[in-house]
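Please walk through this model in the viewer, one selection at a time. Each stop says what to pick and what is found there.

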Amino acid sequence: MRLPFDSPDQLADGMWLLPRFVETHKLSETLHDITSASPPRQMRTPWGKTMSAYITNAGAVGWVSDHNGYRYSPHDPATGKPWPSIPHQFSKIAAKAAAQTGFDNFTPDVCLINRYCVGSQMRAHKDKDERDETQPIVSLSLGLPATFFFRLEKNGPSQKVQLHDGDIVVFGGPMRRCYHGIKPIAPGNHQVWGSTRWNLTFRKAL
Ligand code: SIN
Ligand code: FE2
């Protein structure tokens, strides 16, 4: 059995794993409220490809992608309305995780929500659309496990780590602009989240 969260596990300079940081079943109603107001959808890359994860957001702005490029938008293009706010329950978790790794007073204005089905993946990319890169990325995994990979050099070797339900990854400092992604999700059934993986990344974009 895996132990409850004790202390962060430093994977590299600027990359931490906080195993089992969150009891995710406590988040399901709140996540359902967000995804009912702004349902996750498959966005297009600027090159016309359909992304395999289904994406939505909570926050003052939300990350969007279409033929005009990647950007943060104050409105959900699908509903024409502002994105749902980040629930206090969520931002509290993100701030607590950031503080555990030395980033005090982290106040995210975006919670980017990715929903993965079995076989969905996220290809290698950098998170570089945020203004203040002194602020970390705080990433919470729910549901099915996934292999997260990261590397500093575009064509360098990746480090891989298995992420489980409730785990948080924090990356910042020298890793803030690392390449990272998710390998295709293996079949499985999670007792709370079924055959789905959710990932919530908290960012300071504005
Ligand atoms: C992302 O990089 O936006 C998603 C990472 C993840 O799903 O863990
Ligand atoms: Fe990312």
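Select ligand 1 in this predicted model and show the residues around it: Asn-114, Tyr-116, His-125, Ser-139, His-180, Ile-182, Arg-197, Asn-199 and Arg-203. An N or O atom in the side chain of Arg-197 is 2.8 Å from an oxygen atom of ligand 1. For the side chain of His-125, the distance from an N or O atom to an oxygen atom of the ligand is 3.1 Å. Asn-199 has a polar side-chain atom 3.2 Å from an oxygen atom of ligand 1.

Next, pick the iron ion (ligand 2). Its coordinating atoms include NE2 of His-125, OD of Asp-127 and NE2 of His-180, at 2.1 to 2.2 Å. Two of these residues, His-125 and His-180, are also in the list around ligand 1. Along the sequence, the donor residues follow the spacing H-x1-D-x52-H. Which angles do the four donor atoms around the iron ion subtend? They run from 90 to 175°, and the arrangement is therefore irregular.

His-125 has 25% relative accessibility and so counts as partly exposed. Asp-127, at 5%, counts as buried; the cut-off for buried is under 20% relative accessible area.

Is Arg-176 buried or exposed? Arg-176 counts as buried because its relative accessibility is 2%. Two backbone oxygens can be picked beside its side chain. The backbone oxygen of Asp-127 is 2.8 Å from a polar atom of that side chain, and the backbone oxygen of Gln-135 is 2.9 Å from a polar atom of the Arg-176 side chain.

Now select strand S9 (residues 146-151). Five of its six residues are buried, so S9 is largely enclosed by the rest of the structure. S9 pairs antiparallel with strand S10 (residues 159-163) over five bridges, and it is joined to strand S12 (residues 179-182), again antiparallel, by four bridges.

Move to the open sheet of seven strands, whose order is S1-S2-S11-S8-S13-S6-S3 with antiparallel pairing. Strand S1 (9-12) and strand S3 (54-59) are the edge strands, each pairing on one side only. On average, neighbouring strands of this sheet are turned by 20° against each other, direction ignored.

Within this sheet, show strand S8 (residues 137-143) and strand S13 (residues 196-203), which run antiparallel and are joined by six bridges. Which residue of S13 stands opposite Ser-139? The residue is Thr-201. Ser-139 is also one of the residues around ligand 1.

The last stop is a hairpin. Select strand S4 (residues 62-66) and strand S5 (residues 69-73), which are antiparallel and joined by five bridges. Two residues lie between S4 and S5 in this hairpin. To check the pairing, pick Gly-62, which stands opposite Ser-73 in S5.

How values were computed
Residues numbered from 1 in each chain as written. Chains lettered and ligands numbered in written order. Predicted model: local features only at pLDDT ≥ 70, side-chain atom pairs only at ≥ 80, totals over all residues. Heavy atoms only, no water. Pairing = 2+ DSSP bridges. Axes fitted to C-alpha atoms, helices over the stretch in contact; angles between N-to-C directions. Donors = N, O, S within 2.8 Å, 3.2 Å for Na, K, Ca; no water. Tetrahedral: all angles 85-135°; square planar, octahedral: opposite > 155°, others 65-115°. Buried < 20%, exposed > 50% of the residue type's maximum accessible area, 1.4 Å probe, protein only. Near = heavy atom within 4 Å. Polar contact = N/O pair within 3.5 Å; in protein donor to acceptor, adjacent residues only side chain to side chain.
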